[in-house]
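Please look over the sequence and the structure below before reading on.

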Amino acid sequence: MPLTATKSCPCGSGNRPLDCCTGLILHGGEAQTAEQLMRSRYTAHTLLAIDYLWQTWSPQERATSSPEAIREWAGSCQWLGLEILACERGLADDNEGSVTFCAHYRLDGREQHHLEKSLFRREAGLWRYLRHAD
Ligand SMILES: [Zn+2]
């Protein structure tokens, strides 16, 4: 579903985009929980907001990729939806947490999904994506 046809946020929260991920991505808001950051990073893939993806990835971990690689991957997919399957910690009073999710997308004409347990950590007060759990 193209973004213009949806009135709720691409992350599937049911909230208006500006009250949800788009407010964080385009207006410099900061996620209060690991789940919010996870949702906004999914939505950033749909918007090709590569700077946001880069900024919200822990500097110690992102040496394994590049903004160009992220852009190529995100742009090659048609993003179909996000399911949040589980959250552990990652709340406003926590410094670490994990979010298990399934992202649905179409690539090369086939519907596919990416299932991941992502680890998040608060760095200098801000939630950052670390990496997927082993
Ligand atoms: Zn959202």
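The points below cover the metal site, the salt bridges and one glutamate.

This is a predicted model, in which local features need pLDDT of at least 70 and side-chain atom pairs count only at pLDDT 80 or more, while totals for chains, interfaces and linings use all residues. Residues are numbered from 1 along each chain as its sequence is written, and side-chain values use heavy atoms, with hydrogens and water left out.

**Zinc site**

- The zinc ion is coordinated at 2.3 Å by the SG atoms of Cys-9, Cys-11, Cys-20 and Cys-21.
- Donors are N, O and S atoms within 2.8 Å of the metal (3.2 Å for Na, K and Ca); water is not among the atoms, so sites may look incomplete.
- The arrangement is tetrahedral because the four donor atoms around the zinc ion subtend angles of 104 to 113°; for four donors, this term requires all angles to lie between 85 and 135 degrees.
- Along the sequence, the donor residues follow the spacing C-x1-C-x8-C-C.

- Buried means under 20% relative accessible area, exposed means over 50%, and partly exposed lies in between (1.4 Å probe, protein chains only).
- Cys-9 counts as buried because its relative accessibility is 3%.
- Cys-11 is buried, with a relative accessible area of 1%, and Cys-21 is buried at 1% relative accessibility.
- Cys-20 has 15% relative accessibility, so this residue counts as buried too.

**Disulfides**

- A disulfide is a covalent bond between the sulfur atoms of two cysteines.

**Salt bridges**

- A salt bridge is a side-chain nitrogen of Lys or Arg within 4 Å of a carboxyl oxygen of Asp or Glu; the count comes to six.
- One of them joins Arg-39 to Glu-35, with the closest N and O atoms 3.0 Å apart.
- Arg-39 and Glu-35 both belong to helix 2 (residues 34-47), where they are four residues apart, about one turn of the helix.
- Helices (H or I, at least four residues) and strands (E, at least two) are DSSP runs, numbered from the N terminus.
- Arg-39 is buried at 15% relative accessibility, whereas Glu-35 is partly exposed at 28%.
- Another salt bridge links the side chains of Arg-131 and Glu-61, at 2.9 Å from N to O.
- Arg-131 lies in strand 4 (residues 126-132) and Glu-61 in the loop between helix 3 (50-55) and helix 4 (67-76), so the pair ties together parts that are 70 residues apart in sequence.
- Arg-131 is partly exposed, with a relative accessible area of 38%, and Glu-61 is partly exposed at 21% relative accessibility.

- Glu-123 is part of strand 3 (residues 110-123).
- Glu-123 is buried, with 17% relative accessibility.
- Glu-123 forms a salt bridge with Arg-121, the closest N and O atoms being 2.9 Å apart.
- The side chains of Glu-123 and Arg-121 are also joined by a polar contact of 2.9 Å.
- A polar contact is a pair of N or O atoms within 3.5 Å; within protein, one must be able to donate a hydrogen and the other to accept it, and residues adjacent in sequence count only if both atoms are side-chain atoms.
- Arg-121 is partly exposed, with a relative accessible area of 28%.
- Leaving out residues up to four places away in sequence, Glu-123 touches Ser-58, Pro-59, Gln-60, Arg-128 and Leu-130 (contact means heavy atoms within 4.5 Å).

Methods
Tetrahedral: all angles 85-135°; square planar, octahedral: opposite > 155°, others 65-115°.
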